[in-house]
Amino acid sequence: TAVGGALACYLTIRTLARPFIAGGALALLMIGPIFGSIATSFMTDVPAFCFQMVTVLCGTRLVRSGWSSGLFVTMCVAGVVAGSIRDYGLVLLATAIVLVWLHARPIGRERTVFLGTAFASGLAAGLMLLWRAGVPNGDPMGVPLTWILTLEHLVDGARAVSRALLTLGVLVAPVAAMAFSGRVVRAMRAAPWRTVWIVAVWLGVVALSQRQWIGNYVTPGGSYRPLIGGSTPVVLSPQVDTLVRWVGVMSLLSLLLLVGFGGSESCVRDRTRWNFVTTFRSLSPERAARYVVQVSVVVLFSVHVALTLTSNTPFFDRYLIAFVPLVVALAATSELMGGETVNAFGRVLGVALVAGLGLLGFAFVDASATIDGAKWRFGERLEAAGFEARTIDAGFEWFNFHQQGVARQEPGPDRNWWTSFYAQTPVCVTVVAGGPAEVGARYVLDAVIGPSDC
């Protein structure tokens with residue numbers, strides 16, 4: 001699914017950009033600190049990403065090349081599959097269906113296929129959600145969705161969203177940095193009051209984020225910190241961590257400037273035509289395809305924001321993998337950027353940040369793979385020493401992989417949280433990590449008997 005998702009993502013971007021930009025946007029995702037680790041992990045974000053990209057790809061092709069019953073059915077099937085993996089895949093499907101209906105305007109037999117397939121997709125998604133609601137522990141982490149409408153939670157949610165934006169800034173920094181040397185600078189001089197408002201929003205986001213990571217994969221302690229008892233390794237030194245976060249801060253400013261001064265591209269903000277439906281239908285196939293990508297990004301991020309602000313749904317940095325290549329492509333192909341508007345300094349800075357992002361990604365993926373491999377081999381050694389595999393806590397992956405039956409989270413004392421999914425299983429030996437909290441320090445694994453009395 002990682003390869004399929006990458007291919008679908010590339011083909012999606014190719015509907016609105018040259019091969020160089022499409023390949024570059026995909027490359028920034030690949031070399032970053034998240035995709036390399038999550039693509040080989042137990043997480044389902046990459047399979048969801050694959051089918052999300054297929055959904056958006058089909059939507060852009062239907063708008064750009066005209067109606068195709070087979071393509072529309074493929075889009076709906078991919079969207080339902082994406083939603084069965086991660087619920088927000090259904091958001092992209094609903095968005096694509098609406099935009100295809102508005103622009104392609106199927107008639108006759110085509111309309112019958114459209115309505116029938118759309119209805120079947122909605123029915124399938126609804127039945128899937130109903131079925132899952134009845135599955136024991138079917139909710140993520142065993143915690144049902146809860147609406148939390150308090151000021152304190154609203155502030156916490158806003159802080160999480162601002163930290164997600166800061167992390168996104170790091171992941172797209174190479175292309176965002178180039179915007180400072182393009183038409184954006186001239187636009188800032190031409191509209192100083194708009195610049196003031198954009199900078200004010202940026203300062204608010206930075207202050208709210210406290211220049212901290214949203215966390216999960218990109219943290220000073222590595223990806224998933226790394227789901228083992230004991231001390232946490234240090235992948236980024238405090239100095240490098242601070243530098244990278246400042247890169248994200250400045251990159252975020254560039255992205256906000258692109259959005260603030262690039263609004264003329266959007267038919268929603270075209271002051272000469274206020275009717276969204278009429279305007280969207282009047283767009284050329286090329287611009288309409290670009291708009292499908294724009295709306296998909298905005299709607300999907302808005303849903304993440306709304307759920308983070310109003311419910312117990314967390315926002316993790318791994319959710320950003322669907323945004324990185326699309327945001328890069330939209331930024332690189334905006335009216336405010338282009339090869340002739342980026343000077344030599346911008347190009348050099350962009351290349352330097354690509355190299356820096358690659359080094360950052362290598363450090364995270366290498367540390368994750370090294371520690372994960374060591375944990376698993378340690379578990380095998382303990383099993384060879386006579387411990388039953390299911391009673392060995394050699395980290396999240398080992399313990400839960402060797403269990404049987406229905407997972408049901410029941411937190412207990414003196415146990416790592418991931419063992420609480422099978423609280424009835426005794427933990428006879430626990431693998432713990434130790435070592436000084438500094439970059440390059442030797443990270444040592446050891447075994448501790450217990451906490452269960454076996």
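Let's start with Asp 156, which has a relative accessible area of 40% and so counts as partly exposed. Keep in mind that this is a predicted model. Asp 156 has a partner: its side chain meets that of Arg 159 in a salt bridge, at 3.5 Å from N to O. Why can these two be described as about one helical turn apart? Because they sit 3 residues apart in helix α8, residues 151–171. Arg 159 is partly exposed too, at 22%.

Now, a search of the whole structure finds 8 salt bridges. Here is another one: Arg 318 and Asp 45, 3.0 Å from N to O. This pair links distant parts of the chain, 273 residues apart, with Arg 318 in the loop between α14 and α15 and Asp 45 in helix α4. Are the two buried or exposed? Both Arg 318 and Asp 45 are buried.

Next, Asp 87 and Arg 132 form a salt bridge of 2.8 Å, N to O. Asp 87 lies in the loop between α5 and α6 and Arg 132 in helix α7, so this pair ties together parts that are 45 residues apart in sequence.

On to the nonpolar side chains. The largest nonpolar core has 88 residues, and Val 172 and Phe 315 are among those with the most contacts inside it. Apart from that core lies another, of 23 residues, including Cys 76 and Val 295. In soluble globular proteins, nonpolar side chains tend to be buried together.

Finally, let's look at the surface. Phe 119, Leu 123, Leu 127 and Leu 130 make a nonpolar patch of about 460 Å². Leu 130 is found in helix α7, and with a relative accessible area of 63%, Leu 130 is exposed.

Key
Residues numbered from 1 in each chain as written. Predicted model: local features only at pLDDT ≥ 70, side-chain atom pairs only at ≥ 80, totals over all residues. Heavy atoms only, no water. Patch = residues over 30% accessible without salt bridge, like charges linked within 9 Å, V, L, I, M, F, W, Y side chains within 5 Å. Areas by Shrake-Rupley, 256 points an atom, 1.4 Å probe, with all protein chains shown as cover. Salt bridge = Lys/Arg side-chain N within 4 Å of Asp/Glu carboxyl O. Helix = DSSP H or I, 4+ residues; strand = E, 2+ residues; numbered from the N terminus. Buried < 20%, exposed > 50% of the residue type's maximum accessible area, 1.4 Å probe, protein only. Core = buried A, V, L, I, M, F, W, Y, C linked by side-chain atoms within 4.5 Å.
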